[in-house]
Amino acid sequence: MSEARKFDFAVGRTNPATFPIERVQRAAHAAIAREFAEITEYPGRLGHPSLRQVMARRESEREGVAVDADLISLMNGSMQAVTLTAEALTKPGDTVVLEELTYGGTIGAYRTLGIDMQGLPVDEDGMKVELLEAKLDELGEGERKPKFIYVLTTYQNPTGAMMSLPRRRRLIDIARERDIPVVEDNCYGDVHFDGDKPPSLYALSDYDKIIYMCSLSKILAPGMRLGYLYAQQELLDRILSRRHDAGGNYLAAAIVAELYRDGVWDLTEELNVSLATKKNLVVDGLAAEAADVCAWSNPAGGLFVWVRFPEDVDQDKLLQLTAEAGFHYAQGANFHIAGERVPYLRLAFGHVPDDDIRDGIPVLAHCIRQSRTSNLPPAFAGLFD
Ligand SMILES: Cc1ncc(COP(=O)(O)O)c(C=O)c1O
């Protein structure tokens, strides 16, 4: 099998070609000269004050509501927020409701914590919230009552779905009625190409059990390991009581605060223009090469295209053929809460050079055709039905 990773669509990351090298260098120079004394201290549970203010501004400019920087805690990526929240709110055997298809990192963390994951299906409007009440009734008010609902509202990973405004409102209403916290993971919220975006859950409601998490990984670079948690005081304290790392990386936070001192939007928009081009290359490539055998998402943001292929594809063969051709993707099973081998794959396009996208999609389409065990037309009408 070839070891080459020529067409590497496996892992979601940003575009190295637009990484603002000189601006980050200048920001590092200024931040270190100014803040060397603070860097010699432990940062504490909330973290770098200016970066928290910059992120509060990012949130309130996007959402049009006030966000208190003192309710934001900087984290080692949003993944730390995912894990800490689950550690604080659950014990082994406890239940959490989440999308049946969701981020593999979260699935791994919840599994390690012994969480009983109860899934709801996803369609192009996000989690099927109309099924939530029945699910909660089934789980009851006793031991199996969910400790929280975890949801990827905007540019869902892996499907790219955006939860509709009515579903957002309904989700909050149900959670409030039943007194269940909602964990909103919005790490792709600003990786936005076109169209309107409904507000984040916290901006739609004063329900005080909405726990929000976001990241710098998807608008700047995952290597910064910077994300944040935003929650109302009581829940924030409860979650941070589980924090024993003396705070996050202050140096990285100081550099990024300096980089974004005038706001996050100019750099984010520059990145997004390049990402939109890549996303279009993927979907145009699929339309040209695979329209008879596949269905796929065409997301208005995020870093992924979610591809459905026929049930009769031999998934082991597909993996083997693509690997031999140097083409790598993430298997659908990685995103299924029970690890089911669903007939889907995820293409992460953010870091892939445009030419590799142009050349790679026909390779994938060819491998899918070669992995089929029949010539029947696919038995699906679209990505979700
Ligand atoms: C939905 C979701 N949440 C959280 C993360 C973790 O991101 P990070 O820890 O880099 O902020 C990811 C990364 O891919 C993700 O897709």
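Trainee: At what angle do helix α10 and helix α12 pack, and how far apart are their axes?

Mentor: Please keep in mind that this is a predicted model. Two packed helices are described by the angle between their axes and by the distance between those axes. Here helix α10 (residues 265-290) and helix α12 (residues 354-370) pack at about 30°, and their axes are 9 Å apart. The crossing of α10 past α12 is right-handed.

Trainee: Which residues make the contact?

Mentor: On the side of α10 they are Thr277, Lys278, Leu281, Val282, Gly285, Leu286, Glu289 and Ala290. On the side of α12 they are Asp354, Ile357, Arg358, Ile361, Pro362, Ala365 and Ile368. Sorted by class, this contact of α10 with α12 has 9 nonpolar, 2 polar and 4 charged residues.

Trainee: Let us turn to the ligand. Which residues come nearest to the ligand?

Mentor: There are 15 residues around the ligand, and of these Gly77, Ser78, Met79, Ser215 and Ser217 come nearest. By class, the shell has 6 nonpolar, 8 polar and 1 charged residues.

Trainee: Which helix gives the largest share of that shell?

Mentor: That is helix α3 (residues 77-89), from which 4 residues of the shell come. Helix α3 has 13 residues and spans 19 Å from its first C-alpha to its last, close to the 18 Å expected at 1.5 Å a residue.

Trainee: How many residues of α3 are buried?

Mentor: Of its 13 residues, 11 are buried, and α3 is thus mostly covered. Among the buried residues of α3 are Gly77, Ser78 and Met79, three residues that also belong to those nearest the ligand. Others buried in α3 include Val82, Leu84 and Leu89.

Trainee: Why does Asp179 count as exposed?

Mentor: Asp179 counts as exposed because it has 10 C-beta neighbours inside 10 Å, and a residue is exposed if that number is 12 or fewer. Ala246 likewise counts as exposed because it has 10 C-beta neighbours inside 10 Å.

Trainee: Where is the cis peptide bond that ends at Pro158?

Mentor: That bond runs from Asn157 to Pro158, with omega near 20°. Pro158 is placed in the loop between β7 (148-151) and α6 (165-178).

Note on methods:
Residues are numbered from 1 along each chain as its sequence is written. This is a predicted model: local features need pLDDT of at least 70, side-chain atom pairs count only at pLDDT 80 or more; totals for chains, interfaces and linings use all residues. A residue is near a molecule or strand if its C-beta atom, placed from the backbone, lies within 6 Å of it. Helices (H or I, at least four residues) and strands (E, at least two) are DSSP runs, numbered from the N terminus. Ala, Val, Leu, Ile, Met, Phe, Trp, Tyr, Cys and Pro count as nonpolar, Asp, Glu, Lys and Arg as charged, and the others, Gly among them, as polar. The expected span of a helix is 1.5 Å times one less than its number of residues. A residue is buried if 20 or more other C-beta atoms lie within 10 Å of its own, exposed if 12 or fewer, and partly exposed in between; C-beta atoms are placed from the backbone. Axes are lines fitted to C-alpha atoms, for helices over the stretch in contact, and angles run from 0 to 180 degrees between N-to-C directions. A crossing is left-handed if the near helix is turned anticlockwise from the far one by less than a right angle, and right-handed if clockwise. Two residues are in contact if their C-beta atoms, placed from the backbone, lie within 7 Å.
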